[in-house]
Amino acid sequence: MTDLNLAQSFALVALNAQSSLYMTNAKKVSLRSIAAAVVLEAYLEGYFTQEDNKLFIRKEALDQSSSTLYRETVLLPLLHNHAEMQGDLGWCLKKASMLPNKKLKELEIALADDLKAMNLLEEIPSLLGSDMYFDSAGVEMKAYRSHNGVYTSITENLRAEILEEGTVTDEIIGMLWLLRESGCMHDFFSRNELEQINTRMHDLYVSNLWAKSLFRTQIHHGFELGVKQFLQLKSKLVKTSAGSSINFFFPFLERSQAVFIETEAWFDNSNKRLNFVLARLTSYGHEVTVIEKGSIATLKIDNLLYDVIPHFVMMKVPIQGVRLVPKRPL
């Protein structure tokens, strides 16, 4: 993680398993958060200057040799053809997150090309394309896959630093806020751990000025916020202002679609059924690791965990198969 910039690290987490061809709602939420990550990265690396509680960024700072295309894609629109821009950090984050779809797509391409050049990101057939309905329709579906070792290193480092006692770095505080705003918390923390995260964020909000200025800023809005508010009526998990929007479920729900893979026979032997599924997935180019065998097996497919549950769907005749159900921390 130390060899990557903040925006690059967060993009590897946020883009993994997202459609690379289509602007889905979940990917749009991720790209808005990635645009905010670019602002945080520039702030932490000193691209901004501060005078009288105002942040300034000047165009000449973007002309430095260390500037990158993805950074220019986000920061140049903030300058709006002026030589300098001023505003507080919250304003800059919200402004970046509100880039139009065309700019978000340019940001996606610039950042994805960077990560592909480092062999940290690739495009593969989407797991959803293995679903019986999509497969039979012949719809081309591709998705991003982050490098397994680097993806694991980023997420495990984040979990260790935030769940264990000790100092939390500014970069990890930034990553935590980005996970909150992108609705990715539920991908990496169990329900019990979210209670710990909520407490941890509150403590950081009280004791750390950087965390305080960041956690009070929210960049998600519109339809997603409506879903969040609806779901918050059903949950009392989040009790502090710093933890509010941990229950921002919408992207989590969209990424939780189960995939149905039909089989040619109803296997009464779980190992034979599992071998059939493995052969099907590897033929589509997926990286698959068997975590647990049995009547309901658990597979790691392209960095994410799935339960393999025997299932059938009723057409003119019953069609046997399995459901790949995303397995989240409990």
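Is Asp-307 buried or exposed? Asp-307 counts as buried, at 18% relative accessibility. Here, buried means under 20% relative accessible area, exposed means over 50%, and partly exposed lies in between (1.4 Å probe, protein chains only).

The model is predicted: local features need pLDDT of at least 70, side-chain atom pairs count only at pLDDT 80 or more, and totals for chains, interfaces and linings use all residues. Residues are numbered from 1 along each chain as its sequence is written, and side-chain values use heavy atoms, with hydrogens and water left out.

Asp-307 forms a salt bridge with Lys-327 (3.7 Å, N to O). A salt bridge is a side-chain nitrogen of Lys or Arg within 4 Å of a carboxyl oxygen of Asp or Glu. Asp-307 lies in strand E9 (residues 304–314) and Lys-327 in the segment after strand E10 (318–326), so the pair ties together parts that are 20 residues apart in sequence. Lys-327 is partly exposed, at 36% relative accessibility. Helices (H or I, at least four residues) and strands (E, at least two) are DSSP runs, numbered from the N terminus.

By this rule, the salt bridges number 13. One of them joins Glu-262 and Arg-280, whose closest N and O atoms are 3.7 Å apart. Glu-262 lies in strand E6 (residues 259–262) and Arg-280 in helix H15 (residues 270–283), so this pair links parts 18 residues apart in sequence. Glu-262 is partly exposed at 22%, and Arg-280 is buried at 13% relative accessibility.

Another salt bridge connects Lys-105 and Glu-108 (3.3 Å, N to O). Both residues lie in helix H6 (residues 101–117), three residues apart, and are therefore separated by about one helical turn. Lys-105 is partly exposed, with a relative accessible area of 28%. Glu-108 is buried, at 1%.

An open sheet holds three strands in the order E1-E2-E3, with antiparallel pairing. Strands E1 (49–51) and E3 (84–87) stand at the edges with a single partner strand each, so one side of each has no neighbour in the sheet. Neighbouring strands are turned by 30° against each other on average, direction ignored. Two strands pair if DSSP finds at least two bridges between them. Strand E2 (residues 54–58) pairs with E3 over four bridges. Leu-55 stands opposite Gly-87 in E3. Helix H5 (residues 89–97) packs on the sheet and touches E2 and E3. Contact means heavy atoms within 4.5 Å. The direction of H5 makes about 115° with that of E3. Axes are lines fitted to C-alpha atoms, for helices over the stretch in contact, and angles run from 0 to 180 degrees between N-to-C directions.
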